Amino acid sequence: MAKTTQEKLDEKAEKLYYKKHKKRYRYTAGDIVFSILNYTFFIVFTLCCVFPFYYLFINTISDNELVSRAAINFIPRGIHFENYANLFHAGEVGQAFLVSISRTVIGTTLMVAASALAGYLVTKQNMWHRKFWYRFLVVTMYFNAGTIPWYLNMSMLGLTNNFLAYIIPGIVAPYNIILVKTYVESIPAELEESAFMDGAGYFTIFRRIILPLCKPILATIAIFGAVGHWNSFTDSLILMQNAPELFTLQHRLYLYLNTTSNLGALFEGGASSVSEGVIQSALNSKVIKYTISMVSIIPILLVYPFMQRYFEKGIMLGAVKG
Amino acid sequence: MSNTKTGAGKTADYLYYVVRIATLVMVVIAFFPQLNPAKICEFVNKNMSLFTSGVSYGGLTKECGRAFRQGWIQESSFRLLFASSMISCIGIALAVVNGCMSIGNVKFKRLGNWFGIAGTVLELGGMAGIYNAYTQVAATDHPDRVIPSLPAFQMGLFLTLAVLVLVCTVVIQLLLPKARPEDQYEMESKYKLFLMFMPFAALAFVFSYLPLYGWRYAFYNYESGGTLSRDNFVGFQWFTMLFENAATRQDIVRVLRNTLAMSGLGIATSWCAMAFAIFLSEIKNSHVRRFVQTFTTIPNFISWVLVYAIAFAIFSTDGFLSGIMQNMGVWDAGRNLLQDPSHMWLKMLAWGMWKGIGWSAIIYIAGISGIDQQLYEAATVDGAGRFQKMWHITVPGLIPTYMVMLLMSIAGILSNGMDQYMVFENAMNTDTITVLDLYVYKLGIVGGAIPLSTMIGMVKSLISVVLLFAANSISKLLRGESIV
């Protein structure tokens, strides 16, 4: 996590403070009990947060026979990665994966571009009725018509059973526009003014000056936007009722988790295990469910380290209102 | 706007208002299925607007498969219909370009007018094409199946507007002074900025404001696939039905109880995130602190479906817990705890906390680092213990943030989303897990009771807005600051 100079200074002062006081400060019995309890609580809670992911993972890479007997609890045995390879033999899953990836990439790109431009424009005091248009955007965060009118509206616009339904409604994200606006306002106005004097137009200023300076905030909204796209499930559920080829990975996973029928049939390529009968198929169902879950989680875990840098920025800026 | 406000210039300005408004109306027509001039027979879906007819040939001919095979209608007629719709759409787009350019200088205006004239001519051509397609379709041998009908009102409206725009544009072009050769294309910067912003405003309008128009379904006796007309207008019948029909009333009471109970539990335990942050900051080893913070935040970023996948891996019949219990000999067979309907509210609270507490704590951790360290030092000198410092310094320092969060969650008490409850719902626990959002979804999307579910959603939205305003006024009263 990147630290500002102020944070570094604070930390140094803190260390110095404790070094100075350590000699004088004696830990009482109460302090020790408190610390033990405190550490125990947080370690246990952290384990609760981490262990399920680990458990899922070791079950997808262990010997399928052992997994079926629920024998893999803490340590993986008979490690192999065929489950992941097999998964993509099932056309449905590969298709859903593609849909999720494409909506995440396209949707996020467009959302970030739109938020950047719109966020910049609403900082311009001389825009025609700027206040009104800004409020026009912001108000949409605080009310919604409800699920059914939204659905009826989408179907009126021809956005049911249509891939564009994942992309277009997400382009204008008022919250992200506010974040960009707040950020742009913190950029010294002189930069822009001097470019303006040199005869640059609004679009040139935006592209050459504002966009490069806004990278941190754009990265923040990009990452949060991408996670939102990857995780979204309700829009696939409601809007794609007659287009199973457009289901997102999350939607597929939901359907699989709720099915008790034989998922082993999905493995067209892994026929050897299917032929061995009902028990074998049931086992595959479980492994398939775990593997798809893992496939859905892995992208999040991959971007997570990058996200962390932007956590506080994202959540703190949110507290600043427009 | 013109350089010299002569009489002719003024007339042109007035005519421009007519042009702009008419263009806007045409754009609206292009997106409203009820106003589609291309609905020439039964096989054009009534959910198709002029725009969708002009961009999606597959959508336009979706219901025509049988008609084409049986030879009731020629496919060429539909190709003509599609091409004509597309031409009309292009015409509308050009007219919009004219509308945008009309706020520039004379040079801009004169160029824009050519766009406008070209656009309206295309529109008229498109309408002629649609009429031609209609005459072809009307010549069918099976009028009982095809039911050709000329959308006279829609076409008339569209033609009127197109002719109006055309005439006005031509007149304006004649009235406007010639641009001087040295003139550049120029536009006042306030309009330029607005034009750049307009697409975003349009999107926000279409996806956030336009759904409000769907509230009208709540006042009609509408069935999926039907139409809204004066005949099935029922006024507030669905609203009164919420209270008068015993079965519905029971449902609503049950669903409201679940909603309020689970939101209420969430609000009652919302201080936990603050406590989490305070106790976490008591851990002096910064590596451990960072480790805990990193890993307790992960669950916030996975979807509820994945949370359910995890619940499934741990608590289902052949999951982790059953495996352990069987190995230890406590249980004879695996149990599916997810099917167990007891204590549903508390379980949902627990999952919500597992997913959210690490993330919610971040804002308080940031708050703690903002508290003046001298306060703690002074308290230490005065002999305050660990808990006294927490209670008298840290907590008061975080209360303002907490109040904002609390008020926001009170404003959103009816909207606890449906993802979580949807994924955990099953036949056993549906009575205690169904919240308002999930109920509306099941009633409207799954059950097809559009008017009733719209009515419930509408009442919910209105109450939420009132609650938000109330929360905001309370915040203003207490803190002198608004939260929205």
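First, the conventions. The model is predicted, so local features need pLDDT of at least 70 and side-chain atom pairs count only at pLDDT 80 or more, while totals for chains, interfaces and linings use all residues. Residues are numbered from 1 along each chain as its sequence is written, chains are lettered from A and ligands numbered from 1 in the order in which they are written, and side-chain values use heavy atoms, with hydrogens and water left out.

Domains next; the bounds come from an automatic or database domain assignment. Chain A has domain 1 (5–80) and domain 2 (91–246 + 300–319), and the C-alpha centres of these two are 35 Å apart. Chain B is divided into domain 1 (7–182), domain 2 (188–216) and domain 3 (238–479). Between domain 2 and domain 3 of chain B, the C-alpha centres are separated by 34 Å.

Now the interface. Contact here means heavy atoms within 4.5 Å. On that rule, 93 residues of chain B are in contact with 91 residues of chain A. The buried area, meaning the accessible area (1.4 Å probe) that two parts lose on being put together, summed over both, is about 8,600 Å², with 77% of it on carbon and sulfur atoms.

How many salt bridges are there between chain B and chain A? The count is one, where a salt bridge is a side-chain nitrogen of Lys or Arg within 4 Å of a carboxyl oxygen of Asp or Glu. The pair is Asp31(A) and Arg386(B), with the closest N and O atoms 3.1 Å apart. On the side of chain B that touches chain A, helix H9 (residues 189–209) gives the largest share, 16 residues. Helices are DSSP runs (H or I, at least four residues), numbered from the N terminus.

Finally, two individual residues. Leaving out residues up to four places away in sequence, Ala116(A) touches Val180(A), Phe206(A), Leu211(A) and Leu218(A). The C-alpha atom of Ala116(A) is 9.7 Å from that of Lys215(A), 99 residues apart along the chain.

Ser49(B) is in the loop between helix H1 (7–31) and helix H2 (50–55) of chain B. Beyond neighbours within four places in sequence, Ser49(B) is in contact with Ala30(B), Phe31(B), Phe32(B), Pro33(B) and Asn36(B).

Note on methods:
Helices (H or I, at least four residues) and strands (E, at least two) are DSSP runs, numbered from the N terminus.
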